[in-house]
Amino acid sequence: MTVSNASYLKGFYDQTKAMGQKAVNSDFTFEIEGFEQNYLLARQCPWPNVATQGEIEVPTPMGASAWEPQQVRVNHQGAVTFMEVTAGSIDQMLVDIIANGGTFNAKIYEGTPERYLRYKRITDAFLQIDDPDRDWENRSQVLVFSGTMFFHYFGEIVEGNSSDYR
């Protein structure tokens, strides 16, 4: 085990601290256009990023190979979870999304719609929601709808209206 002196470790601490506060995973809001009132019920969603789809192996002389990047990935997917309320807001939202063609656009805020550092716009999203289990013995868990969201993200980031959204 390495034992480093305190002044050496303080140098790393100072450099890390100078990069700024760390993003907290839970500091987000997911807002579906047309269903803005349900953003407080969104408990989980993917945070999209721009990266290549993968690698392309390119043969080179003498049996060697090299790598080239594939096209940038614009089709994404990730887990989503919504908490249900007794009025059936999420259940009805899912029905309404299907009635409106099955796809939607949304914003994923770093912060809240009122105060945020930035948001990312996703387009042509659709939800594959698993049937939730209802358990009449379970009085300690909120009813949740969870599944997978499929969407497109083209790198659009909109700067926010707050430098400190807390």
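Visitor: What relative accessible area does arginine 121 have?

Guide: Arginine 121 counts as partly exposed, a class that lies between buried (under 20% relative accessible area) and exposed (over 50%), with a 1.4 Å probe and protein chains only. Please keep in mind that this is a predicted model, in which local features need pLDDT of at least 70 and side-chain atom pairs count only at pLDDT 80 or more, while totals for chains, interfaces and linings use all residues. Residues are numbered from 1 along each chain as its sequence is written, and side-chain values use heavy atoms, with hydrogens and water left out. For arginine 121, the relative accessible area is 21%.

Visitor: With which residue does glutamate 33 form a salt bridge?

Guide: Side chains of opposite charge can pair when their charged atoms come close, and a salt bridge here is a side-chain nitrogen of Lys or Arg within 4 Å of a carboxyl oxygen of Asp or Glu. Glutamate 33 is partly exposed, at 31% relative accessible area, and the closest N and O atoms of its salt bridge are 2.4 Å apart. The partner is arginine 121.

Visitor: How many residues apart in sequence are the parts that glutamate 33 and arginine 121 tie together?

Guide: For glutamate 33, the salt bridge is with arginine 121. Glutamate 33 lies in the loop between E1 and strand E2 (42–44), whereas arginine 121 lies in strand E7; strands (E, at least two residues) and helices (H or I, at least four) are DSSP runs, numbered from the N terminus. The pair therefore ties together parts whose separation in sequence, in residues, is 88.

Visitor: Which residues do salt bridges that share partners join into one network?

Guide: A search of the whole structure finds four salt bridges, and one of them is where the side chains of arginine 118 and glutamate 110 meet, at 2.3 Å from N to O. Arginine 118 counts as partly exposed at 27%, whereas glutamate 110 is buried at 12%. The network, built from salt bridges with shared partners, consists of Glu33, Arg121 and Glu156.

Visitor: What separates lysine 10 and aspartate 14 in helix H1?

Guide: Lysine 10 and aspartate 14 form a salt bridge, with the closest N and O atoms 2.9 Å apart. Both are partly exposed, lysine 10 at 48% and aspartate 14 at 35%. Because they are four residues apart in helix H1, the separation between them is about one helical turn.

Visitor: Which residues form a nonpolar patch on the surface?

Guide: Patches are made of residues with over 30% relative accessible area and no salt bridge, where like charges are joined within 9 Å and nonpolar side chains (Val, Leu, Ile, Met, Phe, Trp, Tyr) within 5 Å. The nonpolar patch has about 320 Å² of accessible area in total, a value from the Shrake-Rupley method with a 1.4 Å probe, for which only the protein chains shown count as cover. Its members are Tyr8, Leu9 and Phe12.

Visitor: Why is the pair of tyrosine 8 and phenylalanine 12 described as it is?

Guide: Rings of Phe, Tyr and Trp (its six-membered ring) pair if their centres lie within 6.5 Å, and planes under 30 degrees apart count as stacked, over 60 as edge-to-face and the rest as tilted. The count of aromatic pairs comes to six. The rings of tyrosine 8 and phenylalanine 12 have centres 5.1 Å apart and planes at 90°, so the pair is edge-to-face.

Visitor: Where in the structure does threonine 29 lie, and which residue's backbone oxygen lies 2.5 Å from a polar atom of its side chain?

Guide: Threonine 29 is found in strand E1 (residues 29–32) and is buried, with a relative accessible area of 5%. Leaving aside residues up to four places away in sequence, threonine 29 touches several residues, among them Tyr39 and Pro113, where contact means heavy atoms within 4.5 Å. The backbone oxygen 2.5 Å from a polar atom of its side chain belongs to glycine 111.

Visitor: What is phi of methionine 62 near?

Guide: Most residues other than glycine have a negative phi. Methionine 62, which is found in the loop between strand E3 (55–59) and strand E4 (65–69), is exposed at 87% relative accessible area. Phi of methionine 62 is positive, near 65°.

Technical notes: Polar contact = N/O pair within 3.5 Å; in protein donor to acceptor, adjacent residues only side chain to side chain.
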